Amino acid sequence: MSTTTVAPLTIHDAEALVTAARRAAEAARVTVSVTVLDAGGHLLAFRRDDRAVLISGETSTRKAYTALQLNAPTADLVDAVQPGGPFHTLPTALDRPLLFIAGGVPVHRDGRLIGALGVGGGAPEQDHGFATAAVETLV
């Protein structure tokens, strides 16, 4: 049986993701908080702009956690938690609440989940764009 090793998300990768998301937000004149988690859900990098709303830090972390746990962009999951949706009761079923608002994206390398990035502080669609732009810069 052959196994393929995939390089994990490193501190350097995490800092690069934070920088890319922050630059995308600054270009749009939006202040944000950015969180990067590794594949185990451990915090690798975090940045909250002093001008950002305080709750944006918690929001970015929960968006990243949600994207990591479900291995999907949070923007794609919003409808799933509506009444009758497949994840209707999931946000309150876990010890750490999930947040189904656009702005969380999983990070993959060679097709494998290695972490997640969450952005909070702008409109959900803006946060999603900042997060997606940052992940696309990861080499």
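Trainee: Which strands does helix 2 lie across?
Mentor: Helix 2 (residues 55-70) lies across strand 1, strand 2, strand 3 and strand 4, at about 155° to strand 4. Contact means heavy atoms within 4.5 Å. Axes are lines fitted to C-alpha atoms, for helices over the stretch in contact, and angles run from 0 to 180 degrees between N-to-C directions. Helices (H or I, at least four residues) and strands (E, at least two) are DSSP runs, numbered from the N terminus.
Trainee: What should I know about the source?
Mentor: This is a predicted model: local features need pLDDT of at least 70, side-chain atom pairs count only at pLDDT 80 or more, and totals for chains, interfaces and linings use all residues. Residues are numbered from 1 along each chain as its sequence is written, and side-chain values use heavy atoms, with hydrogens and water left out.
Trainee: What is the strand order in the open sheet?
Mentor: The order of the four strands is 2-1-4-3, with antiparallel pairing; two strands pair if DSSP finds at least two bridges between them. Strand 2 (43-48) and strand 3 (104-109) are the edge strands, each pairing on one side only.
Trainee: How many bridges join strand 3 and strand 4?
Mentor: Six bridges, in the antiparallel sense, with strand 4 covering residues 112-120. Val107 stands opposite Gly115 in strand 4.
Trainee: Back to helix 2: is Thr59 buried or exposed?
Mentor: Thr59 lies in helix 2 and is buried, with a relative accessible area of 18% (buried means under 20%, exposed over 50%, partly exposed in between; 1.4 Å probe, protein chains only). Leaving aside neighbours within four places in sequence, Thr59 is in contact with Leu99 and Gly120.
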